[in-house]
Amino acid sequence: MSVAGTSPLRTIATGVLGLVVTAACGAGILSALGASPWEAYRLIAAGAFGSPERISYVLTAWTPLLLCAAGLLLTFAAGVWNIGIEGQVIFGAVFATGLLRALDPGVPAWAGVVLAGLGAMLGGALWGGLAGALRAYGNVNEIFGGLGLNFIAGSLTVYLVLGPWARPGIASTSGTLPFPDRLWLPTFAAPPLVVPGEAILGLVAIGLVAGALRGTQFGLRLKAIGKSSRAAYIRGIPVTRGLLWAFAGCGGLAGLAGYVLVIGAYSRHQLFPLISGGYGFLAILVVLLAGSNALAGILISAFFAAVSTGSLQLPLQMHLDSSISGILEGTLVLLALFMRGMQARLAPGEGDR
Amino acid sequence: MNLVALAAAVVGAAPPVLFAVLGETIAEKAGVINLSLDGLILLTAMAGFAAAQATGNLLAGFAAALAVGAACGLVVALGSLTLRQNQVATGFVLTIVCQNLAYVLGSPIAHVPGPQVPYTPVPVLQHWPIVGPLLFNQNPLVYASVLATAGVWWYMFRTQPGLTLRGLGERPAASFARGVDVIRMRYVYTLIGGALVGLGGASFSLAVKPGWSRPYGIEGTGWIVLALVVFGNWDPIRAAAGAYLFVLLQTLATVLQSLIPSAPTQVFPTLPFPLMILALLLVTLGNAEPVRRLLRPLPDSLQRRVTRVLRALQASPPASLGVPFEPE
């Protein structure tokens, strides 16, 4: 499942082939809808890189993907599917919002922002740990446990936004009262760009995770569990504890993504239903494509963020649905899986080396 | 609302979930998980409505949905059986592709009126007390879904090919030794399963929730269907019972909403989803060693009773579900 190990040249060639075929599939769909594929792709590119401001938006979409992908590197290393990641993002957002509502303006803004970040990690870690505990102690398949927890987290936000945390006067699903700008995450000027501060957080996180997986006992144990949990158990590795930590760690990073979605520099600065926005699921696609290679994860996250952000121009300019980005991203990953399978069939032994 | 009317409403709203549950049960019984259901149901609902709307012919709509469902099954089968990729990975990616395809391709037909499956009460039988309004005062899809449940059960547990089907998921090596082409038969059942899921999708857009929109309002149902297959212990009858239970919860949510107008309306429709997953937990918890240890301090008689309940609920998947098969 990993691209690491095959020759870099072949990996690049496969990637380019995948991109070309994906673009061709997308062109077919766009033509079927009577739209010009060329024009649509040009709009997506312009929507992502057309101005420094647009690049800032891409960086904003990049951050939650990076954080979720960093978390998923842990669970995939341990060989489990953390489909509950969307709920963990939501829980991070809920904990961050709750803490900020309670702390501000009682404590200095910077302290509130820091505490909310830690709280979000705790919230996500609890929700992730719960999925892990259900799997480890209750024999509940982590896919269904995670999905159930996603649904519960979703219901909880709807309840909070409409009930206890409703805007004064008007309770609507559009969200809670936006936080004042003293609670927003900072931006950094790198002329001509403005970099949202959270992007640095995302890069640091994925770097730390990659380092932990490569060079610490924790990481090696997770990988041993992922290769064969029975063998790991026989060798005396605490499998249950390892799984729980993988889930909690992934949840913590997903929770941080939720925090960024609430008070990131260019976010909406409020809690609203569906705040996870599919970032968690998209990050699963990123990691399926990148395997255990963190650098590939960083690049693919950036590419997906650009496609998703750029596609937002399609409804405005061409009356097309912006979901076209999801088709392109999904098709690319599907093709990659299929090409891996074909390589393994054509050259037995080489694909899995 | 009286009980018979409530039950009739549940039976009438159940065909989409029921068909999808049956389709997935068949595929998983053969050893293949088609995880793409949440996207596939949306895509086939859209395709079925689009085809029926364009041709003005309901049968064309159902045919299109069956074809799209089978095609998606083919992709899952190709990815997992021929190319040996992880079934969960292929299915998950396909979920996202199908869902977005449905939204993009469906945008021209959003909020457009179209044909609907007519209501066809069965003469004479519809006046039978209780059973009449429940089973014979509905549309053809309801009749078909009830017959399909019985039919799939009978095929699986009472026929020779059904035995072969179960063998594919339990002991493919033994089936292979008996001369069954395991890979080919798994292809066949994955396609049939996908087509049935497609029938479920079209039952949404052509009957239970006529038309198309974005969001369509059934998002998440596919995940519930996957959970229902587990809840049903891969038995069509028990899975169907789970499907009715889920639809009942959904119907009750709407009823409750009208009874408690002060509660925020958007909360109720989301409740059946977590409740259904909790039901699933009950089914799987019984297998777990830590749970058994937890029960140990209880008095013997009570412990025996709890264990018996848990064991009756217990679900165990086909032994080779999701495991690739190497004909050697």
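Two residues are in contact if their C-beta atoms, placed from the backbone, lie within 7 Å. This is a predicted model, in which local features need pLDDT of at least 70, side-chain atom pairs count only at pLDDT 80 or more, and totals for chains, interfaces and linings use all residues. Residues are numbered from 1 along each chain as its sequence is written, and chains are lettered from A and ligands numbered from 1 in the order in which they are written.

**Stop 1: chain B.** Select chain B and colour by secondary structure: there are 15 helices and zero strands (DSSP runs numbered from the N terminus, helices being H or I with at least four residues, strands E with at least two). The radius of gyration of chain B, 21 Å, is close to the 20 Å that the globule rule gives for 328 residues, so chain B is as compact as a globular protein of that length (the radius is taken over C-alpha atoms, and the rule is 2.2 Å times the number of residues to the power 0.38). Of the contacts in chain B with a separation of 6 or more, 79% are between residues 24 or more positions apart.

**Stop 2: chain A.** Now select chain A, with 14 helices and two strands. Its C-alpha trace spans about 65 × 60 × 35 Å along the principal axes. Buried residues make up 54% of the 353 residues in chain A (buried: 20 or more other C-beta atoms, placed from the backbone, within 10 Å of the residue's own).

**Stop 3: where the chains meet.** Show both chains. Here 40 residues of chain A are in contact with 39 residues of chain B. On the chain A side, the elements giving two or more residues are helices H5 (109–138), H6 (142–162), H11 (279–290) and H14 (324–346). H14(A) gives the most, with 14 residues. By class, this side of chain A has 25 nonpolar, 12 polar and three charged residues (Ala, Val, Leu, Ile, Met, Phe, Trp, Tyr, Cys and Pro count as nonpolar, Asp, Glu, Lys and Arg as charged, the others, Gly among them, as polar).

**Stop 4: a helix pair in chain A.** Select residues 85–103 (H4) and 239–263 (H10) of chain A, whose axes come within 6 Å and cross at roughly 55 degrees (axes are lines fitted to C-alpha atoms, for helices over the stretch in contact, and angles run from 0 to 180 degrees between N-to-C directions). H4(A) and H10(A) are therefore oblique to each other (under 35 degrees is roughly parallel, over 145 roughly antiparallel, 65 to 115 roughly perpendicular, the rest oblique). Among the contact residues are A:Phe91 and A:Phe95 of H4(A), and A:Leu256 and A:Tyr259 of H10(A).

How values were computed:
A residue is buried if 20 or more other C-beta atoms lie within 10 Å of its own, exposed if 12 or fewer, and partly exposed in between; C-beta atoms are placed from the backbone.
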